Amino acid sequence: MPASGADTGCRVDYTVNKWADGYTAQIKVTNLGPALDGWRLSWTYTGDQRVTSAWNATVTQTGGSVVATSKNWNGALPTGGAAEFGLQGTWRSADPAPSDFALNGVPCGDDGTTPPTTPPTTTPPPGEDCAGTVICSDFEDQTGSTPSGDWRFTAPDCQGAGTAAVDTAVAHGGSRSLRVDGRAGYCNHAFVAATADLSSVGPVVHVRMWVRHTTALPSAHVTFVSLPDTSQNGRSLRVGGQNGALQWNRESDDATLPEQSPAGVALSRPLPTGSWQCLRFAIDTTAPALDTWLGDEPVPGLHADGVPTQDVDRQWLARTVPPRPTALRLGWESYGAGDDTLWFDDVAVGSAPLDC
């Protein structure tokens, strides 16, 4: 149910979607006072809610006190402007909606007050969400057009006309990104692989990236993220698309998540074109379990938890050996039709949840 607080300084709309032991919350904060250059929203949970991950803000929790701070790209909040972010968490006995929101230290329920125009000094520094990660790359350290340093071009199995380069014309943040010009047809593999070894990441491997592409995912099978997997003797866990929607594919037996029935495909999502999209996933290395988020929404068709779900995971659960990814490759691999140009930026991999 939605909850809100409003006055002449700020308004907060808090909309929660909950289930037996968990919840997601979509939060919109509207600035009704002077323009802000960086914001900090705080509140208190009076139940036993615990935040486990967040997107579009950095969220920390101490006891029942929760603080959400802006990212470097959404901190500017003009008068009348709004910022939206989301979070996911758990609860056991009670999860009442909070009512004591404060923007930059000023309660949203105090009539006639406005938040200060500068954020408190406790705002986390940029890049803090990458603390403890094995991969954290915005490609700003790339000095030429050919991927180098922690990234290397590779064409697993076979190489065709696909190419990869460092792009200075399109970027999610900063001035550089990784561009891949993918080509249709079998044997047109073009990837850029991180040199980092992911063997020690876990027990859950969390991956976050921003991706942008130009052509809608085709009906034929394509891959744009490949993770070599020791449980498949080096064959890959693959993220891509089929029938126009995102899917997971397991190279060793070609199992897909979701199943490629009309109902299964409908439980996935297309990858929007022409704009940067935050794609996150979590791979459990102790069980054949996966979770996937596009932007601020979990994708129900890209979720596996060991419990059979109609039109989703029948093929996936045919294999019970937990995955063990060892590397990350970004690029394009087509098995039929499908040219595409893609950009990747702000890529991170670690053992803790990563937000957007």
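Me: Which residue does Arg 238 form a salt bridge with?
Reply: Glu 333, with the closest N and O atoms 3.8 Å apart. A salt bridge here is a side-chain nitrogen of Lys or Arg within 4 Å of a carboxyl oxygen of Asp or Glu. This is a predicted model: local features need pLDDT of at least 70, side-chain atom pairs count only at pLDDT 80 or more, and totals for chains, interfaces and linings use all residues. Residues are numbered from 1 along each chain as its sequence is written, and side-chain values use heavy atoms, leaving out hydrogens and water.

Me: Where do Arg 238 and Glu 333 sit?
Reply: Arg 238 is in strand E20 (residues 236–242) and Glu 333 in strand E26 (residues 329–334), 95 residues apart. Strands are DSSP runs of at least two residues, numbered from the N terminus.

Me: Are those two buried or exposed?
Reply: Both Arg 238 and Glu 333 are buried. Buried means under 20% relative accessible area, exposed over 50%, partly exposed in between (1.4 Å probe, protein chains only).

Me: How many salt bridges does the rule count?
Reply: 7. One of them joins Lys 71 and Asp 355, at 2.8 Å, N to O.

Me: Why does Lys 71 count as buried?
Reply: Because its relative accessibility is 11%.

Me: Now the domains. What are the bounds?
Reply: Domain 1 is 10–107 and domain 2 is 135–350, from an automatic or database domain assignment.

Me: How many salt bridges cross the interface of domain 1 and domain 2?
Reply: The rule finds 0 there.

How values were computed. Helices (H or I, at least four residues) and strands (E, at least two) are DSSP runs, numbered from the N terminus.
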